[in-house]
Structures are given as structure tokens and as C-alpha cells.
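Biologist: Please show me the model, and then let us go through a few of its residues.

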Amino acid sequence: MMKTLFVLLLCLFLMAPAAFGKEAFGGVGIDGVPRADGTIVVRQLVAGGPAHLAGIKAGDVITQVDGTPTQGSDFKFIVERRLRGRAGTPVLILVRRPGNPKTLSFNLVRRQLKVGGAGKKVNQKGE
């Protein structure tokens, strides 16, 4: 009896994430590349993603994410711990746009994104 109960509890514990769903993971739809100074250049955007809809463009330079400067920071840390996060949570991104002397501010909300074969990306030419 105890052995059966133990096996049942073990199965329930192992299957719980599948049964209740994992915490929704989200992003803003930016594909960026690090520069030597640590800032991040937007290479392309997920079409229809939060960053694309807000007006961030390929070629923009990300200078700050949620109060953390990108200059001198670890690229992987900025992407994994600042740009990505729980879907539905806000993130503030500051960018410099070539030809514009002002820093642009974007308040985005992370969401689950579908990329790959079905997800279209927008590159520097807007294609």
C-alpha cells in the first residue's frame, strides 16, 4: 500500500509541470548583436512582436534595459535576465537611433513569441 502511494505521488510530482503548464516565458522580439563597448545593435525584429509594434528599428542601439546600462555589461546577462522574462511583465528599453540625437524610450510588455518557420523577421531593409 505504501509503495503504491509513493509511486503515485512520485508520478504526480513528475507530471505536475505538464499538467499545470510551465510558467509562460516571454520576450520582446529583438535579435541583437553585441558591440565591443557592450551596447547591443538591433539586427532584426520579430514581425508583430512588442519591439516591432512599439517602433524599435533594426540598427537601433540598445543602451539600457530596465535601468541596467548595456555598455560594459555581459551580453548574455542582458538578454537572458533583462530582455527575456515572464510573459506579461513590463520592460523599459532605451535606444539611440543613428541620426537622432535624442535617446528614445520604449515601455514594452514581454509576451510569448513564435519564431522559426512561422515567425517572420524584419531586417534593416524592412523586408
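Predicted model: local features only at pLDDT ≥ 70, side-chain atom pairs only at ≥ 80, totals over all residues.

Modeller: Residues are numbered from 1 along each chain as its sequence is written, and side-chain values use heavy atoms, with hydrogens and water left out.

Biologist: Which residues of helix α3 are buried?

Modeller: Helices are DSSP runs of H or I with at least four residues, strands are runs of E with at least two, and both are numbered from the N terminus. Buried means under 20% relative accessible area, exposed over 50%, and partly exposed in between, with a 1.4 Å probe and protein chains only. In α3, residues 75-83, the buried ones are Ile-78, Val-79 and Leu-83.

Biologist: Why do the buried residues of α3 line one face of the helix?

Modeller: The arc is taken from the directions from the helix axis to the C-beta atoms. The buried residues line one face because, seen down the axis of α3, they fall within an arc of 95°.

Biologist: Is Gly-29 buried or exposed?

Modeller: Gly-29 sits in the loop between β1 (25-26) and β2 (30-34). Its relative accessible area is 7%, so Gly-29 is buried.

Biologist: What is the phi of Asp-66?

Modeller: Asp-66 lies in the loop between β4 and β5. Most residues other than glycine have a negative phi. Asp-66 is not glycine, yet its phi is positive, near 50°.
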